[in-house]
Structure formats: C-alpha cells, structure tokens
Amino acid sequence: MNETILVLNAGSSSIKYALYRTTYESISIICRGKIEIGSNTSSQFQVRDSRGELLWQQHLHVPHHESAIEVILQWLETQTDKQRPTVAGHRVVHGGILFDQPVIINEQVITQLFQLVPLAPLHQLDSLAGIETLKRLKPDLPQIACFDTSFHRTMPDEERIYALPSHLTDQGIQRYGFHGLSYEYIAHILHDHLGDRAAGRIVVAHLGNGASLCALRQGKSIATTMGFTPLEGLPMGTRCGNLDPAVLLYLMREQQMNHDMLTDLLYRHAGLLGVSGISADMRTLLASDAPRAKHAVDLFIWQVCRQLGAMIAVLEGIDGLIFTAGIGEHAPQIRAGICARLKWLSIKLDESANQANAIRISTAESHIPVLVLPTDEESIIAHHTLRLIMA
Ligand SMILES: Nc1ncnc2c1ncn2[C@@H]1O[C@H](COP(=O)(O)OP(=O)(O)O)[C@@H](O)[C@H]1O
Ligand SMILES: CC(=O)OP(=O)(O)O
Ligand SMILES: [Mg+2]
C-alpha cells in the first residue's frame with residue numbers, strides 16, 4: 001500500500017508545506033512550497049515539483065496562518081486522487097514536559113497542546129490551526145505532531161535547568177530548546193558533508209525569522225540558545241532574545257506594563273524590528289542605508305558571535321560550523337560578518353563561495369570547515385510520520 005503524506009510547517013513568518021509519496025520502504029517528494037505571512041506582505045503561493053520546477057503560481061495577500069492553510073488545502077483539492085493526502089504530519093513548536101517524541105494526534109493531545117500556547121505565542125496556535133482545519137475538513141485523516149523540542153532531550157541537566165528553586169524545575173520551568181526538527185535534519189546529513197568529523201564538535205546556526213544556535217556532539221544536542229520558550233537566546237526578527245529579567249520587573253513597576261503588553265513588546269516589537277524601527281526582515285535591513293538598519297544588523301552579528309562562544313566553550317572546541325534557515329542560507333553578508341569575528345578560530349572564508357551560497361564556504365586552509373546546508377524540517381516530519389503510521 002502507498003501513503004501520501006502532507007507536511008505542514010508553521011513558522012513565525014511563513015508556512016511551509018510538502019507532499020510525499022511513500023511505499024513504506026522509501027519516501028519521495030511530490031511537491032513543496034512556502035507562503036510568507038504578514039499583513040503588509042504580498043505573497044507568492046508557489047508549488048514546485050521534486051526537481052524544483054514551478055507547477056503552480058498565484059499572487060496572494062495572506063494576513064495570517066489560517067488563510068495560508070486554506071489556500072494550500074484548496075489547491076490540494078484541485079489535484080488528482082494520487083496527490084490527496086492519506087496522513088498529515090505537523091511541526092508543533094512546543095512539546096512541553098509531556099512530549100519527547102512524535103505522537104498521533106487525538107482529542108487529548110490537542111487539549112494538551114493548547115495548554116502550551118502561552119509558551120510559544122507566535123507558533124503554537126498556528127500549528128493547532130492547521131491540525132483543527134484538517135480535522136474539520138478531513139475528519140478521518142490521521143494526523144501526527146512532531147515537536148521542535150524533542151531533539152534537545154539529550155541536553156545535560158546543567159544545560160536544561162535554570163538556577164531556580166527545584167520545585168519550579170519540577171513543574172516544567174526548564175529549558176527545552178527549539179528548531180529541533182531542523183537540527184535533526186542537519187545532524188542526519190552531516191556525515192555526507194564532513195565524513196568522520198560529523199561526529200565531532202559542531203555548532204549549527206539556524207538563523208531565520210526565529211534564530212538559535214545548537215551545539216552538537218556525536219550528532220546529539222548538548223546545548224542550545226533557546227530555552228523555556230523561543231524567546232531566549234539570539235535577537236530575532238521581532239523577538240528580543242536574552243534580556244536581564246529585571247528589565248521586566250522594572251517595566252511592570254515603573255511603566256505599569258501588564259502581561260499582555262510585555263508579551264507584545266518582547267515577542268512582536270523587539271529584535272531586528274525594535275532596534276531598527278524599520279523592519280523585521282533581514283533583506284530589508286541589508287538593503288537599507290539607514291544607520292538604524294545597520295545598527296540592528298551589527299547587533300545581530302555581535303550576539304551570534306557572543307552566544308557562539310558559549311556553544312564552543314561547552315563543546316570544548318569546534319570541528320565545524322553550519323549555517324542554515326532563511327538568513328543562514330541566503331545572506332552572505334551576515335555569514336561574512338560572523339566569520340570575520342571568528343578569526344581567532346583560524347576560520348578562513350572563501351569569499352566567492354560565500355557570495356554564491358555554496359555548500360562549503362571556507363577555504364582549504366581554514367582550520368574549521370564552514371558550510372551552508374539548507375534545512376529540510378519537512379522531510380524529517382515525513383519520516384517520523386511514516387514511522388508512526390507503520391507502527
Ligand atoms: N536573501 C536573503 N537575505 C537576507 N535574509 C533573508 C533572505 N531570504 C530570507 N531571509 C530572512 O529569512 C527569514 C525567513 O527565514 P525562515 O527560516 O524561512 O523563517 P521562518 O521559518 O522562521 O518563518 C526572513 O524573515 C528574512 O529575514
Ligand atoms: C521556534 C522558532 O522560532 O521557529 P521559527 O524560526 O520557524 O519561527
Ligand atoms: Mg522556520
């Protein structure tokens with residue numbers, strides 16, 4: 001029997017989807033696409049086949065994730081029976097303390113996932129919108145949730161636990177880490193690019209609208225910059241990243257900011273957008289002459305290097321640096337800015353390879369290989385989905 005797997009990956013600035021055909025022994029991609037979301041963004045809905053050839057293109061205005069899901073499902077309805085999904089796999093950002101591996105979705109799971117909405121306000125509801133929309137339109141379709149947090153379950157307690165009274169840790173106030181499906185994919189393909197070095201000390205920089213770093217040893221996560229929520233760590237498109245918690249105490253007391261105001265400030269009006277006052281989108285900032293745009297870019301690069309230092313320290317060295325996700329894959333200027341600050345590691349960038357977004361962007365003399373590896377969270381979700389339905 002064959003299955004057709006629909007994968008939905010709700011990110012904070014986009015929804016990515018893919019359709020796979022499987023014979024149980026192998027999985028092959030049928031088509032995939034991405035819709036960028038935003039009230040000011042005019043988006044292209046594109047569908048590409050396995051070779052990247054354009055199958056369908058439509059100009060859209062997609063203000064939120066739910067409308068993007070409807071567009072994808074409407075398009076699927078116009079396809080042949082063979083392209084109709086028989087199972088769906090979702091990226092769900094937060095699995096909390098309960099879910100450490102992919103799970104078949106039922107009513108109880110949906111209730112538990114709703115309880116985690118406050119811990120990922122830019123993501124969790126959008127994944128649940130995909131799950132609920134599919135449940136409404138195709139009640140018999142089995143659905144699987146795959147979590148961003150699962151991959152980081154290998155982190156040691158020193159990395160996982162905040163310096164808080166232990167009863168709070170026991171309640172689940174601990175570091176979970178995110179972008180795990182992306183790191184899992186990178187860990188999976190690393191040997192193809194680095195050979196035996198892949199089992200060494202690797203830092204992966206997932207730099208997209210959400211951004212984090214992960215320290216891998218033997219392909220397992222031992223540290224990451226995001227924590228209890230996807231707010232900790234690097235500054236992001238609209239998220240602040242690391243902040244002295246006393247800033248919140250100060251704003252609550254001195255400026256009478258309440259929970260909703262702080263959520264809005266820290267998740268939606270901070271980061272690149274907050275610092276630049278111009279945009280959350282790195283493309284816009286790099287194209288701008290405004291000093292505040294340059295300042296936001298410089299601050300981003302500084303923080304990546306500062307936090308990369310911490311990853312290298314816990315790994316006790318570094319054998320490879322990998323860039324991935326929207327900025328990591330497509331912004332040579334950002335990679336060059338980061339690598340220029342890593343000269344102390346004897347990293348040497350091949351400028352033309354970097355400009356071309358080539359896979360290996362370090363020179364042969366560089367002490368450490370630096371690679372650009374496009375991530376593929378959808379394929380990891382498809383594999384987990386297949387494994388679960390076979391079980
Ligand atoms: N060519 C580019 N140059 C610089 N930044 C880019 C480029 N292409 C994409 N980006 C950045 O990548 C971000 C999207 O990354 P992505 O990983 O797809 O996001 P997410 O999954 O978080 O929605 C955009 O917001 C934009 O800032
Ligand atoms: C966890 C997270 O920030 O995801 P994304 O980068 O897709 O927004
Ligand atoms: Mg993403």
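Helices here are DSSP runs (H or I, at least four residues), numbered from the N terminus, and their axes are lines fitted to C-alpha atoms over the stretch in contact, with angles running from 0 to 180 degrees between N-to-C directions. This is a predicted model, where local features need pLDDT of at least 70, side-chain atom pairs count only at pLDDT 80 or more, and totals for chains, interfaces and linings use all residues. Residues are numbered from 1 along each chain as its sequence is written, while chains are lettered from A and ligands numbered from 1 in the order in which they are written.

On confidence, pLDDT is the predictor's own score for each residue, from 0 to 100. The chain averages 94, and 98% of the residues score at least 70. For the complex, the predictor gives an ipTM of 0.98 and a pTM of 0.95.

Now the helix pairs.

| Pair | Axes come within | Crossing angle |
|---|---|---|
| Helix 1 (65–77) and helix 3 (124–137) | 9 Å | roughly 40 degrees |
| Helix 11 (291–315) and helix 13 (332–340) | 9 Å | roughly 50 degrees |

Angles under 35 degrees count as roughly parallel, over 145 as roughly antiparallel, 65 to 115 as roughly perpendicular and the rest as oblique. Helix 1 is therefore oblique to helix 3, and helix 11 is likewise oblique to helix 13.

On to the ligands, where a shell residue has its C-beta atom, placed from the backbone, within 6 Å of the molecule. Ligand 1 is surrounded by 17 residues, the closest being Gly11, Gly208, Asn209, Gly326 and His330. Helix 10 (282–287) and helix 12 (325–330) each give two or more residues to that shell, with helix 12 giving the most, at 4. Domain 1 (3–147) and domain 2 (195–372) both contribute, so ligand 1 lies between them; the domain bounds come from an automatic or database assignment.

Around ligand 2 you'll find Gly11, Ser12, Val93, Asp148, Phe178, His179, Gly208, Asn209, Gly210 and Pro230. Domain 1 and domain 2 each supply at least three residues to this shell.
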